[in-house]
Amino acid sequence: MTYIRLDKLREYYKPEIPAVLEENYQVDIDSSEDLPPVEEEIKRLFPNTCHLPLLTIQESNGSKRNNMRPLHVGVVLSGGQAPGGHNVIAAIYDALKAYHAASRLYGFLMGPGGLIKHQFIELHKSLIDRYRNSGGFDMIGSDRTKIECVEDFERVIDIAHRLDLSALVIIGGDDSATNGALLAEYCAEKEEKLCVIGCPKTIDGDLKNRFIETSFGFDTCVKVYAELVGNIQRDCYSAKKYWHFIKLMGRSASHLTLECALQTQPTIAIISEEVEAKQQTLDDIVQIIADVVVDRYNRGYPFGVVLIPEGLIEFVPRMRRLINELNEVLRVNEKNLLIVKKSEVVRYIASKLTTESAEVFLSLPNEVAGQLMLERDPHGNVQVSRVQTEELIVSLVRKELKKRKERGNYDGKFSALTHFFGYEGRSSMPSNFDAAYCYALGLTAVALASHHANGYMAAVGNLVAFPGEWKPRGVPFVSMMHMEEREGRRLPVVKKSLVDLEGAPFRYFVEHREQRARAVDFRYPGPIQYFGPSAVCDSTTITLRLEHDLSAEEDSEEALREQH
């Protein structure tokens with residue numbers, strides 16, 4: 001019997017691409033659509049790139065350019081891994097070679113840090129082919145180095161001159177796009193030929209706006225997590241005695257948690273943005289969960305599944321104030337903490353906080369208080385993502401149920417298990433959607449580079465249609481920026497997109513929330529990441545379908561029969 005490895009098989013998968021990009025070197029660009037004016041402060045900081053129009057990539061009028069010269073392009077992966085990054089690079093390579101056989105692609109090693117240090121390799125077909133449709137960023141690596149000062153800009157321009165680069169493609173999230181905007185402005189100011197182009201990457205899904213429908217990697221990750229959640233729900237329904245609390249990646253926004261809830265229909269899903277909007281406390285969240293636990297026990301369902309976003313505690317107003325105070329208290333009292341007895345540290349820190357924050361701090365389990373005190377990033381701030389939020393919620397729910405037992409309001413058991421799904425998803429094989437989406441983004445980036453479009457994010461629209469009907473375009477970095485308070489300074493940044501509480505996906509979730517809490521409506525999506533009938537594995541997220549006013553329901557029987 002022949003043994004076939006799936007990872008090798010995926011190398012041969014050929015993503016469908018937008019029709020307009022089938023011969024990318026002959027595209028035209030329409031710049032007739034102006035965008036709304038940016039903030040005055042942004043205008044002052046980006047005088048050379050603040051008036052850029054939206055670019056729409058169109059089919060060529062048929063006249064092939066005869067004076068095309070080779071394009072030399074650099075590519076850098078920035079930030080955390082996201083499924084599909086290798087396909088962006090593969091598409092850039094393919095498009096460059098289609099544009100001109102002598103074009104070259106350089107990969108900067110280990111992210112922006114490698115770019116600044118001038119560490120690079122030339123990418124050839126033999127290497128590219130090994131990474132097609134694969135997960136991870138291991139082809140060239142990544143890091144989180146910032147490119148934000150004149151010295152950094154000059155280092156980039158120096159290597160651009162040495163390699164005769166026409167474009168630099170930065171594949172990253174909102175912070176990476178911000179760095180791209182700063183570098184693009186500097187290049188424009190210095191009249192450099194280097195054009196800076198971005199590609200929207202983040203599994204969190206918080207890099208989206210009017211023109212960027214979703215960031216790449218989100219589709220794959222949510223399908224991987226949904227499969228795992230579904231597996232746990234099946235086990236939960238089989239055993240009928242456990243409550244599973246599952247924390248999902250997504251510190252700054254709850255898009256992953258919301259989409260997983262839409263895919264799997266758990267008993268409870270907490271959405272951080274709703275918690276913040278309603279000014280809920282940890283106790284409010286605990287009371288909601290405890291009410292459902294008791295109600296389900298009385299109905300004969302002593303089990304359930306709770307989804308929790310990674311960044312939940314930062315959206316709880318009182319917890320956010322506590323964290324902000326802790327950052328300052330820990331910084332100021334760093335030396336004193338070295339001589340305070342271990343058993344007295346919590347009380348000592350509490351004595352330095354305001355009355356309200358001290359009350360919240362002292363109400364936390366000791367292990368959580370310890371995590372808030374000790375887990376600090378290089379800037380001295382609390383690393384909230386290290387806090388075991390799922391353990392905290394379980395501990396508080398258990399205490400609340402104990403009180404209810406003492407009052408005679410509950411006589412059941414509460415057996416809880418906790419999970420955190422994070423790294424399991426972000427380097428997985430890209431879904432068919434992400435494989436095609438990333439390939440289209442790479443082709444779009446080269447189309448923009450061939451027209452010397454500096455200061456743009458490659459974007460692809462109409463994503464709920466078949467890939468052949470997708471619409472590639474270029475969105476100016478500055479059109480996505482606003483001024484934000486960071487570390488005591490007002491800085492220009494690409495705005496994060498949070499869950500829209502008025503949007504169709506969240507409204508659909510709310511409409512069905514009570515039913516999910518009272519009954520067993522679990523769904524078990526299975527391995528839909530890339531394997532199965534096209535109607536399943538090539539479909540977009542429920543979030544995207546609802547945002548485009550399409551149905552969130554399952555395919556009809558007729559459609560399923562056709563696929564079969």
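Let's start at one spot in the chain: methionine 110 sits in the loop between strand S4 (104-108) and helix H4 (112-116). Its phi is positive, about 60 degrees, although methionine 110 is not a glycine. Bear in mind that this is a predicted model.

Another residue does something of the kind. Aspartate 164, found in the loop that runs between helix H6 (150-163) and strand S7 (167-172), has a positive phi near 55 degrees, and it is a residue other than glycine.

| Residue | Relative accessible area | Class |
|---|---|---|
| Methionine 110 | 48% | partly exposed |
| Aspartate 164 | 39% | partly exposed |
| Alanine 188 | 26% | partly exposed |

The class follows from the cut-offs: buried means under 20% and exposed means over 50%, so a value in between counts as partly exposed. With 26%, alanine 188 therefore lands in that middle class.

What does alanine 188 touch, once its neighbours within four places in sequence are left aside? The answer is Asn48, Thr49 and Asn454. As for leucine 443, that residue is 255 residues away from alanine 188 along the chain, and their C-alpha atoms are 23 Å apart.

Now let's step back to the whole protein chain. Along the principal axes, the C-alpha atoms fill a box of roughly 85 × 65 × 50 Å.

On the inside, 57% of the 564 residues are buried. If you take the contacts between residues at least 6 apart in sequence, 79% of them join residues at least 24 apart.

How confident is the predictor? Mean pLDDT for the protein chain is 90, and 92% of the residues reach 70 or more. One stretch to read with that in mind is residues 556-564, where pLDDT stays under 50. For that stretch the model has four contacts beyond four places in sequence.

Key:
Residues are numbered from 1 along each chain as its sequence is written. This is a predicted model: local features need pLDDT of at least 70, side-chain atom pairs count only at pLDDT 80 or more; totals for chains, interfaces and linings use all residues. Side-chain values use heavy atoms; hydrogens and water are left out. Buried means under 20% relative accessible area, exposed over 50%, partly exposed in between (1.4 Å probe, protein chains only). Contact means heavy atoms within 4.5 Å. pLDDT is the predictor's confidence in each residue, from 0 to 100. Helices (H or I, at least four residues) and strands (E, at least two) are DSSP runs, numbered from the N terminus.
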